[in-house]
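Biologist: I would like a close look at one part of this model. Please keep it brisk.

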Amino acid sequence: MPDSLAVPLANPSGGLWLVAAIVWPVLAALLAICSGGRLADRIALLAMPIGLGIAVAIAMAVLPVGHVLTYAVGGWNPPLGILLRADTLSAAMLLTAAIVICATGIFARGAFSLRAGTPETRGSLAFWTLLLAVWSAMNLVFLGNDLFNLYVALELLTFAAVPLVCLDGSAATLAAALRYLLFALLGSVLYLLGTGLLYGAYGTLDITLLAARVRPDFATWVAAAVMTTGLLAKTALFPLHLWLPPAHAGAPPAASAVLSALVVKASFFLVIRLWFDAMPGLWNSLATQLLAALGAGAIFYGSVLALRQQRLKLLIAYSTVAQIGYLFLMFPLAFDPIAGRLQAGIALTGGLLQTVSHAFAKAGMFMAAGLVATAIGHDRIAGLAGIGRAMPISLFAFGLAGVSLIGLPPSGGFLAKWLLLSAAIASGQWWWVAVLVIGGLFTGAYVLLVLVRAMGTTEAPLILHVSVSRYRELTALILSLMAVLLGLIAFGPLA
Amino acid sequence: MSSTTLFGMCAAALVGLGLYGLLIHPQTLRRIVAFNLLGGGVFLMFGVVARRGAAAGMASDPVPQALVITGVVVAFSATALAIALLLRLFADSGDASLRSPPHDGVAADRTHV
């Protein structure tokens, strides 16, 4: 590609924020490893507000005016160089990830910080460095504009997320981590296969350049299909969800919150990048309907299994399987049959809102459930009676998160489903309206199942084995509240 | 048959064998080996792309070779992580297979994983 060699690109000053978003958590993680488990929590907790500040700075530059920030690494242009790029989608996801990571950090202090005089544990070092590594890899996924660079980001995310599943080191969690790793590796190697095919066909890996060159031919179809399949395995979309529930069963609540709220969204984000940005004109109606049919399968399958669970944590894990399904309903709704391409419109906005509100709600829900399990020593749903009286804040956090998952107004989940419903009605695809409505009823059933049990009374007052800190309960509550209040942005800047 | 076609077909065969092994074998070690076979096929495919000169029409293209080096490093780390988890699992439970499928039913419990 002689035309592209050594063409320096003037990097605008705002672009440096993108580098900072990726490099800052890595620096903190390296520092944490060097200083050991005794200081790791303090380093991570100091790094988090600054990382949140970086995400806010990018969001302030991008969101209000729809401005796009770019940074060409080393001053080299694509197709040979690697471009970092932040558009509205990236900025929204960066901000979501920063908020959830910071909340997880505050929540995890109670579980992974060492008190003076206690011996250093593996968990205290591993958790904080892995959390920072997850953050950095996520930011790279949101900012990358080069398909191979994104492959590396996906693998970094896998390597950081898998050990979070088996922090307690028991055989059951090791098996769950290994199963997760095998699924994730299959997913990323399929993604890499597609990347190679696309490079062979078009000679570029840059998403923007690719979008201009893509032709609907056989090689492109195969590449797009294997890449999408790989990403779906990492997103845990039904029927490739088998790794997700066991991974959550034994993971610490803070790790579950990050996994369910953020990690699965990273690969979903790449599906959006691939379908909407890299090759919007490649798809036909059948492909989008197929993707949404898998989503509908996930909604029904995940909801039914959530209703049948005996453990609270697994109920929430299956709820994640179901809620991921909603994300894929937007593809046929965003498809414009006349233009023959995917259009960014209210369906995409609805899908993005569902991603963000589910991230807040599910993180809050896992934290609340984790606190309940810590306090009463188990998380059997049948034994939750009396929790409403003993731990009102945690149960309120669970309930508020449930409100957003069900889609009751004014929550973010409501606005997301409202936008998807409007798009479905506007495009005359009534069957997705039915899926959305029935899915909401199912969600209501399993959320109420827990709430009714927890509000029940017992003859003997419930004895809490461990008292949980008030600030941890409040962290869960704030995340759930954010999920509920997210619906109000309809009246705010994005109206 | 040109050399790129031959190697391309080898790559396709490796990908097919690896995919089959990764999906079908109950033994975790075999699945890890199958993952490496699948990865080998993908890397060979990158080599074919490089030899064909990609879309730029050059005699050969160095970019896919640079990508393969990164890919090999990543696949190596992934294999190391998987083997480490497997060894630890074997040491703790005396069983190195993920035989019982994840329980999707009511009995889903960490003791059954």
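How many residues of domain 1 of chain A are in contact with domain 2 of chain A, and how many of domain 2 are in contact with domain 1?

Modeller: First, the ground rules. This is a predicted model: local features need pLDDT of at least 70, side-chain atom pairs count only at pLDDT 80 or more, and totals for chains, interfaces and linings use all residues. Residues are numbered from 1 along each chain as its sequence is written, and chains are lettered from A and ligands numbered from 1 in the order in which they are written.

Now the contact. In chain A, 26 residues of domain 1 meet 28 residues of domain 2. Contact means that C-beta atoms, placed from the backbone, lie within 7 Å. Domain 1 covers 1-144 and domain 2 covers 146-282; such bounds come from an automatic or database domain assignment. Over C-alpha atoms, the centres of these two domains of chain A are 19 Å apart.

Look at the domain 1 side of chain A. Helices α3 (88-112) and α4 (122-143) each supply at least two residues to the side that touches domain 2. Helices here are DSSP runs (H or I, at least four residues), numbered from the N terminus. α4(A) gives the most, 12 residues. By class, this side has 23 nonpolar, three polar and no charged residues. Nonpolar means Ala, Val, Leu, Ile, Met, Phe, Trp, Tyr, Cys and Pro; charged means Asp, Glu, Lys and Arg; the others, Gly among them, are polar.

Zoom in on L157(A). Its contacts include V134(A), A137(A), M138(A) and V141(A), not counting residues up to four places away in sequence. V263(A) and A266(A) also touch L157(A).

Methods: Contact = placed C-beta atoms within 7 Å.
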